[in-house]
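Thank you for making time this morning. I would like to walk you through one structure, so please have the sequence and the model open while I talk.

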Amino acid sequence: MSERLRPRDLALLAEETPSAPAHNATVEIFECAESGFDHDRLVELIRDRISFVPRYRQRLQQVPGRLANPVWVDDDHFDLAYHVRRSALPRPGTQDQLRELVGRIVSRPLDRTRPLWEMYLVEGLTGGRVALLSKAHQVLVDGVETVDLGQLLLDVSPEPKLLGGDEWQPRRRRSSAAVLAEAARDSLSDPRTVLDAARGTTGALLRTAESTAGTAARVLGGLAGRRPQRAGALGGPLSQQRRVVTVETRLQDYRRVRDVHGGTVNDVILATVTGGLRAWLMTRDESLRGFRRIRAVVPVSVIDTELEATSLGSQIAAHYVDLPVGEASPVVRLHQVSYSFQAHKETGRGVAANRLAGIAGFAPTTFHAIGSRLAASEVRRGYQVSVTNVPGPQSALYAAGARMVASYPVHPLVQDHPLAVGVTSYDGGVYYGITADRDQLPDADLLGTCISEALDELLDTVNGGRTRAPRGRKGATAPARPARPRGSRP
């Protein structure tokens, strides 16, 4: 019997449009001069490990008449060469060229008639490096039945381990009549099958009607000579093109700020994002009167038996933070962000960052996939931007002997939300992946610069040039502790 698509996954499919493709992506950079990591070795590595994620060889099959949700079936024409592709940058192979290529690739929706993933080996980077870009649809990677394939490709040592693979053969293709008969049996044994299908169809029709009504209103307004209402930098209809910005920082810098001002590394990262957004909005001549605070949804790991269990040892819940972009002081911004997380910490449900980082495999790719699913499901709660920060292992990982030196998450955008931020910490680095609508935010590169400068601004406060902001009810300002020298660990 085939596995039927769950209602929440059907909702994700129904929400997808050409201007809002619902796939996650990750860009990983590898040093491969000595390992010989190339396209052929990548194909062999995936062939050896894809059996651990059977969903990557399955596609969706619709039920005639939509009497039940679609089912996952083996792709009887599965072609690994189609999914694992090869690309290259022209000389000199800069980071800007890579980001431009990534932006174009993630703008394209996945083919729903095939397994919903693609992977690109990008050659020609400066220094003899290569990049691995992976795309997987949100319904494919749920953290319950399926983890991200990229999590399975990495080893903790340069010596690749052969796991044996399998002699996979697709199950016989099932006719539309057989799929319909199975749906009828499911409906008799579980009436929720029909109810779920009806809900999914109704929801899709309502979302289509909302989109059509919005488009019609904009057209009629234009014909009447009315200017469209300005949605601001963090709102508005999406185009079909994306821009991807990457920022590399060092984990020790966040730890230095944390050691002086308190809170957690996550608090410092969110305060850095806040400072970057503030500076960026000011460069756009945005009035901060309307942006005193930016509502952000931040997926967090919790232990909660009432939430859906994942294969990663914790559940994922939405936490809302009002990022204080109207506050001029970087230290006060940090304290306000820390305070917003205090209630979450006091519940006792939170999962420590070191526990998440210790999960076998490079779990951040799967955590980011779950986080983007959560952000999509929470879109009607009225947030303006999603920020997903996932701690990863602080030791080197390898693919086919090539050392991974950086990992950038690339989150999908949801309708009317032209900006999403993903953050991954790995092996002493903190890597930002900023996804922006190409037309709405043509200056997204500047936001990346502003984030780097916001971290520098926080570091200035621990170098003796500024004093600590008062905490609690104490009115006196405590002197800043001397900063640790670069390279030291807390």
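Predicted model: local features only at pLDDT ≥ 70, side-chain atom pairs only at ≥ 80, totals over all residues.

Residues are numbered from 1 along each chain as its sequence is written, and side-chain values use heavy atoms, with hydrogens and water left out.

The secondary structure of the protein chain consists of 13 helices and 15 strands, where helices (H or I, at least four residues) and strands (E, at least two) are DSSP runs numbered from the N terminus. Of the 490 residues in the protein chain, 53% are buried; buried means under 20% relative accessible area, exposed means over 50%, and partly exposed lies in between, with a 1.4 Å probe and protein chains only. Among contacts with a separation of 6 or more, 78% join residues 24 or more positions apart, a contact being heavy atoms within 4.5 Å.

Let me take helix 9, residues 265-283, where 15 of the 19 residues are buried. Just after helix 9, Asp285 takes a positive phi of about 60°.

How do helix 9 and helix 13 pack, and at what angle? Their axes are 7 Å apart and the angle is about 125°, with axes fitted as lines to C-alpha atoms, for helices over the stretch in contact, and angles running from 0 to 180 degrees between N-to-C directions. The two helices are therefore oblique to each other, since angles under 35 degrees count as roughly parallel, over 145 as roughly antiparallel, 65 to 115 as roughly perpendicular and the rest as oblique. On the helix 9 side the contact includes Gly275, Gly276 and Trp280, and on the helix 13 side it includes Cys450, Ile451 and Ala454. By class, this contact has 12 nonpolar, 4 polar and no charged residues; Ala, Val, Leu, Ile, Met, Phe, Trp, Tyr, Cys and Pro count as nonpolar, Asp, Glu, Lys and Arg as charged, and the others, Gly among them, as polar.

Helix 8 (residues 251-261) also meets helix 13 (residues 444-460), with axes that come within 9 Å and cross at roughly 40°. This pair is therefore oblique as well, but the crossing of helix 8 and helix 13 is left-handed. Here Asp253, Tyr254, Arg256 and Val257 meet Leu455, Leu458 and Leu459, giving 5 nonpolar, no polar and 2 charged residues.

Finally, the loops. Gly262, in the loop between helix 8 and helix 9, is partly exposed at 22% relative accessible area. Ser107, in the loop between helix 4 and strand 6, is buried at 6% and touches Pro21, Gln240, Gln241 and Arg242, leaving aside residues up to four places away in sequence.

Definitions and conventions:
Left-handed = near helix turned anticlockwise from the far one by under 90°.
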